[in-house]
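Me: I am new to looking at protein chains, and I would like a close look at one part. Could you walk me through the place where two chains meet?

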Amino acid sequence: MFGLSFRPRKANTAQTAKERLQILLAHERTDGSTPDVLPMLQRDILAAIQKHMKIGKDAVDIRMERGDELSSLEINIDLPNSRGNGQGAES
Amino acid sequence: MSKIIVVTSGKGGVGKTTSAAAISAGLAKRGHKTVVIDFDVGLRNLDLIMGCERRVVFDFINVIQGDAKLKQALIKDRRLDTLSILPTSQTRDKDALTQEGVEKVLNELREEFDYIVCDSPAGIERGAQLAMYFADEAVVVTNPEVSSVRDSDRVLGLLNSKTHRAETPDSEPIKAHALLTRYDTQRIAKGEMMTVEDVLEILAIPLLGVIPESQAVLRASNLGTPVTLDDEGSRAASAYDEAVARLVGEQVEMRIGGEERQGFFQRLFKRTA
């Protein structure tokens, strides 16, 4: 009973390690068969928008944060100023 | 003028990634803009040690192949705004690395960062060769153990022959430093392990630091925190901090100590602190 208090405060880092690995590996195992899905997605989004608007090839920015329950995908598209550019990109 | 530092060893499991993470965080802590790059294509682990594994979207290979901009692949550390991580691909193989591609990315990084730390894969194949090729300095991570010392010697040979500096006439050779890791003073005292002096006598390069075998290292990797950002009071963390100070040119006295022995009261004190 007294021994309990000897457990270091920040003891259970092993549990943290296990949880981090479980989340990571769950994603890696499913993503493993389709590598580079994000670069392809980025290319496709870019191509789709370029069909209708004039945007630069660096205009699409994709970010992702993988989580335990859900992951979030953030897609930012820079549209040129319609006045400056004269076409497309009405907001 | 930015500096490219390769963390290499030949042998696996000696502490390259741990050291690359600890050193780059140590440099960033001092205010130097630092990026650490994983060269271990297909077996990346730097992201895990740095704790940014969930944020990897694009990687070094995507940048080399033109699928992403460097800015998109760089992950900004959430603890230090002077620190960035460039993860590598987990799904490609080493052939995806090209010398031209690596050079292009490094040149772009030079414009933004003071220190570029290259975390080499084990072995002496393509990934390891490209990690060292453009280096200005090398940190050769060695354990006081026969196979590790032999492999370090082999790597020193490559640093002096198969690198840009070695192949460019009139340029200074790569400055190589030895970093002894997993140093166990008890076993060394018993004569079971080679001493620092033994290893340095064989390798004949200057010593950057001696990192004691420490629980702090495992704890830090469990948490995904470079040891120099985690338990700063640990002997391993202070040994890395001192090594970083030497790397940037400070004179710091070499202390060679074992794992911390915390007394009951020290531990109690730390818990309440």
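Which residue of chain A forms a salt bridge with R78(B), and how far apart are the closest N and O atoms?

Reply: R78(B) pairs with E65(A), and their closest N and O atoms are 3.0 Å apart. A salt bridge here is a side-chain nitrogen of Lys or Arg within 4 Å of a carboxyl oxygen of Asp or Glu. The rule finds 3 salt bridges across the interface of chain A and chain B.

Before going on, a word on the model: it is predicted, local features need pLDDT of at least 70, side-chain atom pairs count only at pLDDT 80 or more, and totals for chains, interfaces and linings use all residues. Residues are numbered from 1 along each chain as its sequence is written, chains are lettered from A in the order in which they are written, and side-chain values use heavy atoms, with hydrogens and water left out.

Now the wider interface. In contact (heavy atoms within 4.5 Å) are 31 residues of chain A and 27 residues of chain B. Together the two chains bury about 2600 Å², with carbon and sulfur atoms giving 45% of that area. Buried area is the accessible area (1.4 Å probe) that two parts lose on being put together, summed over both. On chain A's side, T13(A), R20(A) and R66(A) supply 23% of the area that chain A buries against chain B, more than any other three residues.
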